[in-house]
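User: Please take me through this structure, one topic at a time.

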Amino acid sequence: MAYSPLLEARGLTKRYGDTVALDALDLGVNSGEVYCLLGANGAGKSTAINCFLDFVRPDTGSALIGGSVVADDPIGTKQRLAYIPETVMLYGNLSAVENLEYFATLATGTRPARPDLLKHLITAGLTEVQADQRVGGFSKGMRQKVGIAIALAKGADVLLLDEPTSGLDPKASNEFHGLLGMLRAHGAAVLMATHDLFRAKESGTRVGIMKRGRKVAELRTDEIGHADLEQLYLQHMHD
Amino acid sequence: MSFLTMLRFEWRVLRRERLLWVAVVFFGALGLYAASSGARFTAQQRLTIAELEQAHAQRRDSLGQLLGRLHAGDTSRRVSAFADPRSPAVVGRGLGAPYTILPPAALAPLAIGQRDVQPFWAQASTRTKQTFFVNDEIENPAVLVSGRLDLAFVILVVYPLIILALTFDAVAGERERGTLAIVLAQPVDPRRVLGAKLAARALLALALALGLTFVAVLLTGVSLGDPDTWLRLALWCAVIVVYGAFWFGISMAVNAARMSAAASAVSLLAAWLGVVVVLPAVAAAVVTVTHPSPSRIALTTRLREATDAASAKREDAMASFLLDHPAYIADASGGAPDPNVVSMALQDAAERVMAPEYAAFDAALDAQRDAAASFRFLSPALVTQAALLDLAGAGEARFRAYERQFDTYHAEWRDFFFSRTLSRRSLSPTDWDAIPMFRFAEESASALWRRLAPGLGMTLLLAMALAALGRRGLTAAAQAR
Amino acid sequence: MIATIAAKEFRELVRDGRFRWAAVVVGSLLIVAALAGWTAWRTQAQTRDAAQSTMQAMWFNQPAKNPHSAAHYGLWAFKPQMPLGFIDRGVDPYTGTASWLEAHRQNEFRFRPAMDATAAQRFGEWTTAGVLQLLVPLLIILLAHGAFAGERERGTLRQLASLGVPARTLLIGKAVGIGGAMGLLLVPVAAVGAALVMRDSGADGLFRLFALGGVYFAYFTLFLVLTLFVSARAASARGALIVLLSLWAWNGLVAPRLAADMARGVAPTPTARAFSADVQRSLANGVDGHSPASTRNRLLQDSLLAAHGVSHVDSLPFNYSGYSMQRGEEHANGVFDHHFGELWAQYAAQDRAQLAGAVVAPLVAVRQLSMAIAGTDFAQHRAFADAAESYRRLLNKAMNDAIADHAAPGQGFSYLGDSTLWAGVGPFEYEAPGLGRVLVAQAPSLLFVTAWLFALVVTVRRERRLSVL
């Protein structure tokens with residue numbers, strides 16, 4: 001590779017007792033790429049993402065963001081990443097703008113002006129009215145939009161998505177992937193754990209299939225059809 | 001991002017929680033009620049004191065006038081022997097005697113403490129000391145059983161509960177709600193974020209407690225003219241800060257222990273029980289068993305026995321008394337001895353027998369108080385209680401000082417009247433003006449500070465150790481899952 | 001089905017480390033409090049009994065002296081210790097323990113034990129009753145707050161509901177199971193208490209202990225039902241815990257003090273100084289304030305002289321000094337009855353006002369009952385005070401009558417009484433009111449506790465549906 005990837009795993013290994021959660025995982029995600037991790041529950045997808053967040057320390061190997069090892073500089077590496085879990089949990093008593101203000105200030109160290117915050121929320125697909133509502137009553141999809149707005153506000157170019165579209169209705173899921181495309185077009189590197197083969201094929205540039213902590217296959221989505229991807233996935237699951 | 005900004009955000013989140021407002025309103029209302037209760041109690045004491053002083057001034061004036069007339073040779077009015085202001089024995093036994101008053105301290109409205117069971121005035125007399133502190137204030141015992149609701153109680157017992165209620169789920173709650181993961185995905189030191197969360201809540205409780213103190217001081221008419229009062233008030237606030245810091249430290253350590261919110265609530269409650277209930281109970285039980293209160297019943301019986309014995313051997317008592325007071329013999333030229341001198345002799349004989357018993361009684365009481373004082377180091381709650389009560393002049397120390405000053409005064413009083421009785425001198429108007437008066441000398445704030453410092457220091461050290469422990473643990477607690 | 005649920009609940013609790021720890025702490029506090037209380041109680045009881053017989057002997061062994069001097073010499077009455085006083089000290093630390101019975105004056109009780117204790121002891125001292133009133137309910141809350149809310153959070157409540165277990169059965173089953181676990185802790189403690197009581201006080205003590213046990217059983221049941229009810233209603237175990245702890249702090253720490261303080265406002269008592277000034281004034285001028293001693297004496301003399309048709313008191317068929325002293329004594333008794341009566345009426349009004357606090361905090365009623373059954377409430381203190389005062393009056397009357405009947409005219413103060421006169425009064429004996437009378441007097445408190453239980457049970461019965469989500 002000519003340039004170093006924004007997001008890189010080098011031999012990531014993590015054991016919990018006798019169980020191997022991650023087994024020498026190698027992967028790299030470049031700017032403008034969406035890398036989808038597929039695999040059964042417990043295959044190690046979330047553990048991999050948690051390693052990039054320093055929520056989990058690998059036993060051996062390392063996770064790198066922009067060339068820096070996460071474990072060595074956990075705070076510095078978080079400056080450019082955004083994290084969107086299945087449900088983006090926010091402070092229910094605060095409005096969307098206030099939540100965004102809080103997280104953006106935490107992320108950048110300075111307090112952004114309200115127009116900027118509003119702009120990000122609107123870009124992420126919320127209306128101005130919704131922006132001032134308390135998020136306690138927000139749906140999963142609306143919360144996700146706030147998550148994207150946080151990414152926009154901090155100018156993140158590394159996105160870690162942990163099953164972001166599970167449980168979203170098709171319309172919300174569609175909107176989310178639209179946003180993802182936008183971020184990608186701006187040069188973000190996205191690592192996404194998902195069960196949705198269809199979306200992985202549509203939005204992803206590459207997919208990696210994981211099983212018992214190992215990456216068992218990796219391929220470019222433009223080289224394979226829907227049916228073939230599903231075939232391949234099931235084949236690996238049956239082995 | 002500055003710590004202050006984080007505090008502000010935390011405050012914004014907190015402001016919208018109902019629990020907070022319930023806690024604020026409850027704590028505030030309770031504190032205000034407690035302050036008014038202390039103020040009412042103190043006002044009643046002050047009223048009694050004013051009445052006593054007025055009554056004494058009146059009686060002193062009328063007796064002084066009578067004395068002046070009698071001295072000038074006016075015999076138009078017959079004066080009963082029991083009400084003759086010329087007789088040193090009669091006046092010494094209490095005719096028109098001044099009151100020895102323990103006035104409420106400057107910060108008295110802030111704490112009632114032991115004041116509702118300690119007498120705060122007595123009347124001077126040449127009688128034996130045991131007959132004094134009997135002016136118990138009238139109070140329904142059923143009310144005393146409940147204990148007083150004063151600001152010191154609210155700070156001691158409720159203030160920690162408020163700190164704990166506000167902070168118990170600062171970390172676990174975020175983890176359980178899932179917001180912790182989003183926070184920790186930001187480039188900030190988790191210890192600082194979590195520290196700010198806890199601090200915002202604890203500072204709020206602290207502000208409430210301090211605010212209550214100031215409101216109480218303003219509303220209850222504490223006079224702030226004396227710099228000494230300011231110093232005491234500053235110390236009172238320092239005690240609140242240190243005690244709050246201790247509970248904050250406990251909360252931080254528990255928050256760092258990665259428990260669920262419910263488990264953390266139970267642990268904090270256990271800590272509260274341990275510090276506020278169990279340790280003081282252990283201290284009290286140990287002191288009660290090792291240093292039981294000496295029995296006043298036994299002392300009363302012994303005094304009566306000694307007095308009976310002295311009366312039975314009246315001549316012996318008289319003889320030995322006269323041996324000790326040769327000044328009297330020179331005057332006694334035959335005839336029946338002065339009954340006043342006889343009663344002095346009998347009292348003297350009884351007191352000789354009783355002196356060691358009194359000493360043992362006082363020593364036992366002092367030992368009990370000392371033991372209680374050293375056992376206070378067992379729990380920051382006891383340290384804090386002692387400090388708050390001392391600062392408001394509602395604890396043992398001030399009463400003990402009063403008793404000691406009273407003893408000195410009592411000796412002076414006796415000397416004054418006994419010497420005149422022995423030399424058969426009747427009181428002149430000059431003597432009348434020279435009758436010793438009592439004035440309670442307050443302990444200086446710096447002396448008080450020296451007494452409070454070890455306890456406060458211990459609490460502060462504990463607070464810092466707990467906070468350090470918590471700080472180390474918070475990093476681990478920051479792990480989102 | 002209830003038995004199955006109860007058994008499961010019981011098994012879970014007994015296996016729970018937290019329960020074991022909490023039970024050990026509360027259990028040892030109970031036992032330590034009982035033993036420490038009992039030791040102190042026995043010492044005090046012995047000291048008191050010894051002192052009382054010494055005092056009585058001193059009275060009987062007086063040398064020949066003027067009966068009025070003897071009345072001034074007087075004797076002390078010491079309050080006896082009640083059989084369950086070590087479990088609940090009640091008002092004893094705050095009422096005096098002794099009263100001097102002398103001529104002319106009804107003295108107040110002196111020597112409040114609380115005066116000699118330190119603030120730390122007052123704050124920290126726990127009697128068995130204190131532990132039962134405050135810590136056991138806390139233990140119940142800790143054990144039972146998650147009974148429904150916790151199961152709901154874990155999702156097991158759905159399972160149970162899908163099996164068709166009715167909410168009420170579940171509630172009763174859980175109550176029985178948790179109650180059983182509490183019994184494991186409390187029954188041994190009760191046995192220790194019974195052994196201590198049996199050793200010193202026999203059957204009467206045991207009856208009282210039984211009644212006391214009944215009151216606390218009701219109190220604990222109340223707390224258990226309340227806890228389960230809140231747990232069933234609460235959204236989460238954490239929410240249930242917060243609500244219950246607030247209720248506990250209110251019931252145990254705040255409300256009783258608040259009720260006491262408000263009661264003082266409802267029926268204020270005079271200051272000690274004002275009271276004694278009033279008494280002095282009435283003694284001098286009569287309760288009506290218009291009959292000074294000189295007038296009273298003149299009227300008495302005149303009427304006596306007229307009635308016996310003589311011109312000088314020395315010609316009366318009895319000694320006038322003795323007679324008039326007794327009349328003076330009776331005048332004073334009227335004054336004391338009036339003023340102490342007023343004071344005690346104020347106390348009673350305060351007690352009623354305080355008991356009204358039981359509407360918002362059952363502990364107020366329970367504490368009242370506990371003190372009453374232990375024999376340490378104010379009513380029983382007053383019963384003793386009244387007995388002591390009657391004895392004082394009897395004593396004074398005997399002394400004055402002796403002078404009136406036997407002294408030569410005008411020789412009232414040189415007449416000497418002897419040991420027959422001293423012994424003629426008989427010893428001071430006091431019998432405390434029996435348990436039945438005490439319980440009748442406590443009907444309002446009993447009513448409050450019953451009403452609380454009833455209200456809770458009704459509320460729970462109306463709770464048909466149990467939210468499983």
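**The open sheet and the chains**

Analyst: In chain A, an open sheet of 4 strands runs in the order β2-β1-β4-β5, with antiparallel pairing. Strands pair if DSSP finds at least two bridges between them; helices (H or I, at least four residues) and strands (E, at least two) are DSSP runs, numbered from the N terminus. This is a predicted model, in which local features need pLDDT of at least 70, side-chain atom pairs count only at pLDDT 80 or more, and totals for chains, interfaces and linings use all residues. Residues are numbered from 1 along each chain as its sequence is written, and chains are lettered from A and ligands numbered from 1 in the order in which they are written.

User: Which strands of chain A stand at the edges?

Analyst: The edges are β2 (19-29) and β5 (68-69) of chain A; each has a single partner strand, so one side of each is left without a neighbour in the sheet.

User: Over how many bridges do β1 and β2 of chain A pair?

Analyst: Strand β1 (residues 7-16) of chain A pairs with β2(A) over 7 bridges, in the antiparallel sense. Leu7(A) stands opposite Val29(A) in β2(A).

User: What does Val190(A) touch?

Analyst: Not counting residues up to four places away in sequence, Val190(A) touches Val29(A), Val34(A), Tyr35(A), Leu159(A), Leu161(A), Leu180(A), Leu183(A) and Arg184(A). Two residues are in contact if their C-beta atoms, placed from the backbone, lie within 7 Å.

User: And which residues touch the most other members of the largest nonpolar core?

Analyst: Leu100(A), Leu159(A), Val190(A), Leu388(B) and Ala392(B) do, in a core of 294 residues. Helix α9 (residues 167-233) of chain C provides the largest share, 25 residues. Apart from this core lies another, of 28 residues, among them Tyr320(C), Ala385(C), Met399(C) and Tyr415(C). A nonpolar core is a set of buried Ala, Val, Leu, Ile, Met, Phe, Trp, Tyr and Cys residues joined through C-beta atoms within 7 Å. A residue is buried if 20 or more other C-beta atoms lie within 10 Å of its own, exposed if 12 or fewer, and partly exposed in between, with C-beta atoms placed from the backbone.

User: Turning to overall shape, what is the radius of gyration of chain A?

Analyst: Chain A has 9 helices and 10 strands. Its radius of gyration is 18 Å, close to the 18 Å that the globule rule gives for 239 residues, so chain A is as compact as a globular protein of that length. The radius is taken over C-alpha atoms, and the globule rule is 2.2 Å times the number of residues to the power 0.38. Of the 239 residues of chain A, 48% count as buried.

User: What about chain C, how many helices and strands?

Analyst: Chain C has 18 helices and 2 strands. Its radius of gyration is 29 Å, whereas a compact globule of 469 residues would have one near 23 Å. Along its principal axes, the C-alpha trace of chain C spans about 105 × 45 × 35 Å. Buried residues make up 45% of the 469 residues in chain C.

User: Which chains have the most contacts between them?

Analyst: Among the 2 pairs of chains that touch, chains B and C have the most contacts. That contact takes 64 residues from chain B and 62 residues from chain C. On the side of chain B that touches chain C, α10(B) gives the most, with 14 residues. By class, this side of chain B has 34 nonpolar, 18 polar and 12 charged residues. Here Ala, Val, Leu, Ile, Met, Phe, Trp, Tyr, Cys and Pro count as nonpolar, Asp, Glu, Lys and Arg as charged, and the others, Gly among them, as polar.

User: How far apart are chains A and C?

Analyst: Chain A and chain C do not touch, and their nearest C-alpha atoms are 16 Å apart. Chain A does meet chain B: 24 residues of chain A are in contact with 21 residues of chain B. α3(A) gives the most to the side of chain A that touches chain B, with 6 residues.

User: Last topic: is α15(B) buried or exposed?

Analyst: 12 of the 12 residues of α15(B) are buried, so this helix is largely enclosed by the rest of the structure. Gly393(B), with a positive phi near 65°, follows α15(B).
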